[in-house]
Amino acid sequence: MSKNWVLKKHNNTFFDWFKDTIFADENASKTLRKLPDGPKRNVITWQGYDINKYSFYTKAQGDKSTIQNSGVTLRAKSQHFTSVHDGNPCVASIPYFGFIDEIWELNYVKFSVCVFKCKWVDNNTGMWTDDVGFMLVDLKKLAYQNDPFIMADQAKHVFYVQDPCDERWSVVLHWKIIGVNVEDDDSYIDTYVTPFSTQMTPNIIGEEEVDDIHANCNDHDEGELINIV
């Protein structure tokens with residue numbers, strides 16, 4: 001079978017393999033044994049979440065604020081095929097850009113995991129780099145609906161500024177954390193960000209209920225956010 005077929009088969013059957021393997025391994029840790037059982041059916045959702053010295057909002061909550069905190073980026077390494085017949089895929093590290101649609105806290109009884117459900121820009125038709133090196137994205141050209149989730153600690157902050165030359169496109173700009181050195185990059189600008197302060201009451205929801213509580217969950221070292229040139 002082609003490598004493309006094998007990769008898809010692997011992705012589709014991994015969970016069953018993982019479950020059988022873990023339960024058959026007497027030396028597996030308690031944490032690993034909890035993962036195949038899955039989290040509780042009721043999910044705590046948040047409108048805001050602090051992690052890695054970043055403050056994140058869902059897009060719905062961010063639209064109510066003067067500060068844009070819902071933009072995220074992730075660099076993922078994966079195999080890329082030029083076509084279904086490609087027998088020699090290349091492994092590449094590709095940046096993805098999008099915004100947070102929902103924030104879920106999954107409860108595995110012994111521990112909890114926060115994940116961001118995001119909407120991602122199509123890398124093929126919704127991204128390009130201009131002549132001076134700025135990344136531009138079309139936030140209406142979305143893709144990867146079957147793979148929306150990332151771990152909260154994987155997320156990096158970005159925000160989008162509408163291109164004055166073409167309103168269809170937005171320029172990607174990056175936050176800078178105080179005390180963290182980054183390479184000089186024209187995409188970093190000076191902006192002071194005030195961390196939000198909200199109540200801590202979460203909402204336990206079922207599948208059909210909507211959470212409209214703006215909550216802030218702290219899971220990071222305290223610090224302020226700025227951008228630098």
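A polar contact is a pair of N or O atoms within 3.5 Å; within protein, one must be able to donate a hydrogen and the other to accept it, and residues adjacent in sequence count only if both atoms are side-chain atoms. The model is predicted, so local features need pLDDT of at least 70 and side-chain atom pairs pLDDT 80 or more, while totals for chains, interfaces and linings use all residues. Residues are numbered from 1 along each chain as its sequence is written, and side-chain values use heavy atoms, without hydrogens and water.

**View 1. Surroundings of H157.** The side chain of H157 reaches two backbone oxygens: that of S55 at 2.8 Å and that of G71 at 3.3 Å. Because its relative accessibility is 1%, H157 counts as buried (under 20% relative accessible area, with exposed over 50% and partly exposed in between; 1.4 Å probe, protein chains only). Residues in contact with H157 (heavy atoms within 4.5 Å) include Y54, F56, H174 and W175, not counting residues up to four places away in sequence.

**View 2. Rings of Y54 and F56.** The structure holds nine aromatic pairs (Phe, Tyr or Trp rings, the six-membered one for Trp, with centres within 6.5 Å; stacked under 30 degrees between planes, edge-to-face over 60, the rest tilted). The Y54 and F56 ring centres are 5.8 Å apart with planes at 50 degrees, so this pair is tilted. Both Y54 and F56 are buried. Ring pairs link Y54 and F56 with Y49 and F116 into a cluster.

**View 3. Rings of Y108 and F111.** With centres 5.1 Å apart and planes at 10 degrees, this pair counts as stacked. Y108 is buried, at 12% relative accessibility.
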